[in-house]
Amino acid sequence: MAASKTRTDWALLLLRLAVGGMAVVQGFEVLRRAHGAITMAHASTWGLALGELVCGALILLGIWVPLAGGLLVAVLGWPLVHGWIHGAGPLANLPALFRLLVGLACAVGGGGKWALEK
């Protein structure tokens, strides 16, 4: 039983590092390339990128992982839902769908043994 618990703790740590790290990198990249006049389209893109960056950092550190993961899923899910509403197939954006599903797994799994909030 102890070996199973240890494997779960390691799995949650690796999942947190992967999901949080990818969200930080993705959000930072969008903000790094931000330029031009501030329009509503730019503001919403930058807001989503900032949300992804902050939620990713919280997940990476293990602080409020279920909440940050849920918010990250909402941030990542909106472009997918928007595409589906406008006629894109359910598998039209596989990388985004994958990031959405692992973000959801991270939100459900929580921070694990090595989260900072423990």
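Which element gives the most to the lining of the second largest pocket?

**Before selecting**

The model is predicted: local features need pLDDT of at least 70 and side-chain atom pairs count only at pLDDT 80 or more, while totals for chains, interfaces and linings use all residues. Residues are numbered from 1 along each chain as its sequence is written, and side-chain values use heavy atoms, with hydrogens and water left out.

**Whole chain**

Display the C-alpha trace, which spans about 55 × 30 × 20 Å along its principal axes. The secondary structure comes to four helices and zero strands, in the pattern α-α-α-α along the sequence. Helices (H or I, at least four residues) and strands (E, at least two) are DSSP runs, numbered from the N terminus.

**α1 and α2**

Select α1 with α2: their axes come within 7 Å and cross at roughly 150°. That makes α1 roughly antiparallel to α2. Axes are lines fitted to C-alpha atoms, for helices over the stretch in contact, and angles run from 0 to 180 degrees between N-to-C directions. Angles under 35 degrees count as roughly parallel, over 145 as roughly antiparallel, 65 to 115 as roughly perpendicular and the rest as oblique. The crossing is left-handed, meaning that the near helix is turned anticlockwise from the far one by less than a right angle (right-handed if clockwise). Among the α1 residues in contact (heavy atoms within 4.5 Å) are Gly 20, Ala 23, Val 24 and Gly 27, and those of α2 include Trp 46, Ala 49, Leu 53 and Gly 56. By class, this contact has 15 nonpolar, six polar and two charged residues. Ala, Val, Leu, Ile, Met, Phe, Trp, Tyr, Cys and Pro count as nonpolar, Asp, Glu, Lys and Arg as charged, and the others, Gly among them, as polar.

**α2 and α3**

Next, select α2 with α3, whose axes come within 9 Å and cross at roughly 150°. This makes α2 roughly antiparallel to α3. Their crossing is left-handed. On the α2 side, Leu 48, Glu 52, Cys 55, Leu 58 and Ile 59 make the contact, and the α3 residues include Leu 72, Val 75, Leu 76 and Trp 78. The contact divides into 11 nonpolar, one polar and one charged residue.

**α1 and α4**

Move to α1 and α4, which pack at an angle of about 130° with their axes 10 Å apart. The two helices are therefore oblique to each other, and their crossing is left-handed. Leu 12, Leu 15, Arg 16, Val 19, Met 22 and Gln 26 in α1 meet Arg 99, Val 102, Gly 103, Ala 105, Cys 106 and Gly 109 in α4.

Now display the largest pocket, with a volume of about 290 Å³. Of its 14 lining residues, the closest to its centre are Glu 52, Val 75, Leu 76, Pro 79 and Arg 99. The elements giving two or more residues to this lining are α1 (2–32), α2 (40–61), α3 (65–85) and α4 (94–109). On a 1 Å grid over the protein atoms alone, a cavity is a set of points where a 1.4 Å probe fits but cannot get out, and a pocket is an open set with protein on both sides within 12 Å along at least five of seven lines; lining residues have an atom within 4 Å of a point. Grid points are joined across faces, edges and corners, and a volume is the space filled by probe spheres set on the points.

Finally, select the second largest pocket, which holds about 160 Å³ of space. Its lining includes Leu 15, Met 22, Glu 52, Phe 98 and Arg 99. α1 gives the most to this lining, with five residues.
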